[in-house]
Amino acid sequence: MTTPTPPTQLRESATFDRGVIAEIQRAAETGIYDIRGWGAKRALPHFDDLLFLGASVSRYPLEGYREKCDTDVVLGDTHAKFPLHLDIPITIAGMSFGALSGQAKEALGRGASEVGTSTTTGDGGMTPEERGQSKNLVYQYLPSRYGMNPVDLRKADAIEIVLGQGAKPGGGGMLLGQKITDRVAGMRTLPMGVDQRSACRHPDWTGPDDLAIKILELREITNWEKPIYVKVGATRTYYDVKLAVKAGADVVVVDGMQGGTAATQEVFIEHVGIPTLAAIPQAVQALQEMGVHRSVQLIVSGGIRSGADVAKAMALGADAVAIGTAALIALGDNSPRFAEQYGELGSAAGFYDDFQAGRDPAGITTQDPELAKNLDPVQGGRRLANYLRVLTMEAQTLARACGKSHLRNLEPEDLVALTVEASAMARVPLAGTNWIPGRY
Amino acid sequence: MAPTVSTATPTANGVIDLRTSSTREVNELLSSPGAPTRLTITHPEGAHALACGLDADLDVTVDGHVGYYCAGMNQKATVTVTGNAGVGVAENMMSGRVHVKGDASQSAGATAHGGLLVVDGNAAARCGISMKGVDVVVGGNVGHMSAFMGQAGRLVVCGDAGEALGDSIYEARLYVRGTVASLGADCVEKEMRDEHLAELAQLLDAAGMRYQPDEFTRYGSARQLYNFHVDNASAY
Amino acid sequence: MCGIVGVHLRDATLHPQLGTLLSGMLDAMCDRGPDSAGMAVYGDPTWSPEGESTVSLLDSPLPASELAQQLGVALSAPVTGHDLDPTIVVHAPVSTDALTAAVRSAVPTARIIGFGDHLTVLKGMGNPTDLANRFGLRSASGWQGVAHTRMATESAVTAGGSHPFAVGPDQCLVHNGSFSNHMSIKHELERAGVTFDSENDTEVGARYVAKQLAEGVDLEKSLLMLNETFDGFYTLLVSTSDSFAVVRDAIACKPAIVAETDRWVAMASEYRALAQLPGVDAARIFEPEPEEVYVWHRQ
């Protein structure tokens, strides 16, 4: 009797893994690049690779509750008559009505206002829902200028000039036809159902020298009342931050490659931009060299998930952070409640990133009125407020353990790194050593 | 810090000299409840952001050449520039009328939603870029990439148009009397029907241009790029 | 980023006013670049007298008078030195090559920022208007001048980072914008033996043009070749002892205005800089078309 040959073991290629093979097959089938939402999904050096040095014999902690660890922040107090005073240093990043449902924008406004922070409009303009609910509303000024008008500009509490975002530095907005409903089309002055092609550069200025003149114009139109933010996706962050300051920015917003989007090409998300961790020290160095750290504030976004991330970003020198993806998850995005619906869409709870399709069962990244009913704005607002409170309390816990009575007193020296990459990017020493690779 | 402001006062015949008053003072005056309904600003000498953000039925004349963003985000007002205008004149205008008697630099009328922009001379590149409902009438030529991503509104060019006219155009309507160096992606020549001749006649009249509508050719979107088709890939 | 200005005087009766006109233009562009500035003048009798060649330099370890003395000995010719802190200008009745070689030999660590039969280049840090006053630009005369106000990004604001980059005899190149493929072109030029003084993208443009001119290609053709070779966004003002040229990239986002009269031609990033020129009200004012080379030659 012959011994049967054992079957050959299936061996996956690391270069051409299942995901890559499926993508090549999809490309061959359709002739168009893959478009999706969310941010970079691959593993990157991030805040998890940093740890806090808590209390020790030489450093003493603060008691919880009784011994205060304050969390307030003032944004934009250099030129503006009315800077923003926020109770917590966690803001809601720009996300458009169009990318998100009206209910979602309302929920974000409710949640943010409940805890005393700000929300930001997006590529579709300002909705009454958001202005009505959000106590501090930052109005984005983008290359597309969809819906831009002086009435809304004057209703805003701050203006954010967007050069780019972390998911696609150098790319413009994208909204596919299935999400260009009547209302969205009206706000953006587009025909219903078109695939919105967006400009990637501003139409009437290019470069920091002309940006300075544009900032002047916006200040003139709004009577020098409002802080002007400049937002960039993280690429040549050191130079970008310096140029933003020279152009006249009151606040600089830096969005790392983990930052999300509602829709763009997958290759853009995964292969352009640098990790948030690598961007923050560049931004802080730029501000310090110009002598404006803390007077021109830095807001950092791109993969902020927990109070630990908030505290680490601030320890590295940020004045505040912004959350986008995390805020949507708090509202109910990718919730297991919709497991069956995600299944029907060929996805699963925890994996769903097809925001561009507008079929979101959670009612968040959709324009379909039936689906949008799945998000109750009041409940959503409460969930966001809960999450923001948890982020704040977590950050305070870590800060108190480091002996800080204010979150802004966290500093890079409170941190160590677990990996060589994180150490080099964040410019903090490898744990247990004095070594920072490439320290200059 | 915001520049310190002292209230600028026009002379008895409604003139302010920009050599002695600042742009901030003039803009503040024009946005105040007591704004003069007629004002002439002299010696602008290329100043930026003059008469921007107006929001009332005012009549402002700027006597000379202006810099960037003159009459930016204009609402309701009439602004006349006797000389040339820099980048972005009447950008994002919502309503009202802006008249440049000389030439206009790049991005004239950029992203504007309404109102009428008239340029007697030439406009440069990107005239009417991303227009969202404004009417722009140019007595001379326009430069390359004019009406790029034009979403709505009408651009009338009495002279010639540069390269890539109407690239990626949506629903804006373009009328050109002279030659077009080249058409942009998805922009094609279109049939002139009675309603177009009528609308063009109205625009020419409103702008004070003495040409006949039948001297013009209409251009607009072929609407082939509204939704992605793999066969159009080369257009991207 | 920056502000560019330049003026080419056709009418010789205006030559004594070159410095005043150029200063006024530079002044108007301070907002665009408050950190440092460079200015270049063709034919000033004090800095670049007729019959002598001139070298402008930064970072000289020797003061002007001492340097001039040393060079005088080395060249066996009378050398005059001007101290225009931080720039030093030396001139002598010898060839440009001889003077440049002598300077390199005497102060090898100094950085030569301009050289030629007619050209003086002055650079410095700080507010452009203050610099121009310190240099005494207002009293300069000559037939042509260019200047540049810089918005610096480097931590150490350096005088040497200002434009114009004057890397060929009597040549200046000023740039507003940002090239996107200059590193590859730089390495190619390095392989061909060209050495660079800075990390600046503009220097690559200047060295490229200088190389073409040295090989006998005329200015217009050199700039057309630059259009084909360099990618990115740029408005360039390029001058030689007998030419004044302007060119923009195909997309032409960075500003450029040209004003022309019988008496002068001027170019600037914004109209504000041209507003005070004599007779500007009657000037032909236009914006250069993309990729077209506009050249005016000295009559």
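In this predicted model, Phe286(C) sits in strand β14 of chain C, which spans residues 284-286. Phe286(C) has a relative accessible area of 13%, under the 20% limit, and is therefore buried. Leaving out neighbours within four places in sequence, Phe286(C) is in contact with Ile257(C), Val258(C), Glu260(C), Tyr294(C) and Trp296(C). One of these, Glu260(C), is 26 residues away along the chain, and its C-alpha atom is separated from that of Phe286(C) by 8.5 Å.

Chain C also contains helix α1, residues 18-28. Of the eleven residues of α1(C), eight are buried, so the helix is largely enclosed by the rest of the structure. The buried residues are Leu18(C), Gly19(C), Leu21(C), Leu22(C), Ser23(C), Met25(C), Leu26(C) and Ala28(C). They pack against strands β1 (2-9), β2, β8 and β13 (264-268) and against helix α4, all of chain C.

Helix α4 of chain C covers residues 128-135, and its buried residues are Pro128(C), Thr129(C), Leu131(C), Ala132(C) and Phe135(C). These residues lie on the same side of α4(C), because they cover an arc of only 160 degrees around the axis. The partners of the buried residues of α4(C) are α1, together with the strands β2 (36-42), β4 (80-84), β5 (87-92), β7 (119-125) and β8 (144-150) of chain C.

Two other helices of chain C pack against each other. Two packed helices are described by the angle between their axes and the distance between the axes. For α5 (residues 182-191) and α6 (residues 201-214) of chain C, the angle is about 45 degrees and the axes are 10 Å apart. This angle makes α5(C) oblique to α6(C). The crossing of α5(C) with α6(C) is left-handed. On the α5(C) side the contact involves His182(C), Ile185(C), Lys186(C) and Leu189(C), and these meet Asp201(C), Val204(C), Arg207(C), Tyr208(C) and Lys211(C) of α6(C). By type, the residues of this contact between α5(C) and α6(C) are four nonpolar, one polar and four charged.

Helix α7 (residues 237-247) and helix α9 (residues 276-289) of chain A pack at an angle of about 40 degrees, and their axes are 8 Å apart. α7(A) and α9(A) are therefore oblique to each other. Their crossing is right-handed. From α7(A), the contact uses Thr237(A), Tyr238(A), Val241(A), Lys242(A) and Val245(A), and from α9(A) it uses Ala279(A), Gln282(A), Ala283(A), Gln285(A), Ala286(A), Leu287(A) and Glu289(A). The residues of the contact between α7(A) and α9(A) comprise seven nonpolar, three polar and two charged.

Elsewhere in chain A, Asp376(A) lies in the loop between helices α13 (369-372) and α14 (377-401). With a relative accessible area of 38%, Asp376(A) is partly exposed. Asp376(A) and Leu331(A) are 45 residues apart in sequence, and their C-alpha atoms are 9.3 Å apart in space.

The backbone is the last topic. Most residues other than glycine have a negative phi, and most peptide bonds are trans. In chain B, Lys76(B) has a positive phi, near 70 degrees, and is not a glycine. Lys76(B) is in the loop between β3 (59-63) and β4 (78-81) of chain B, and its relative accessibility of 46% makes it partly exposed. Ser107(B) also has a positive phi, of about 55 degrees. Its place is the loop between β5 (97-100) and β6 (116-119) of chain B. Ser107(B) is buried, with a relative accessible area of 2%.

Methods. Residues numbered from 1 in each chain as written. Chains lettered and ligands numbered in written order. Predicted model: local features only at pLDDT ≥ 70, side-chain atom pairs only at ≥ 80, totals over all residues. Heavy atoms only, no water. Axes fitted to C-alpha atoms, helices over the stretch in contact; angles between N-to-C directions. Helix = DSSP H or I, 4+ residues; strand = E, 2+ residues; numbered from the N terminus. Parallel < 35°, antiparallel > 145°, perpendicular 65-115°, else oblique. Left-handed = near helix turned anticlockwise from the far one by under 90°. Contact = heavy atoms within 4.5 Å. Nonpolar A, V, L, I, M, F, W, Y, C, P; charged D, E, K, R; others polar. Buried < 20%, exposed > 50% of the residue type's maximum accessible area, 1.4 Å probe, protein only. Arc of directions from axis to C-beta.
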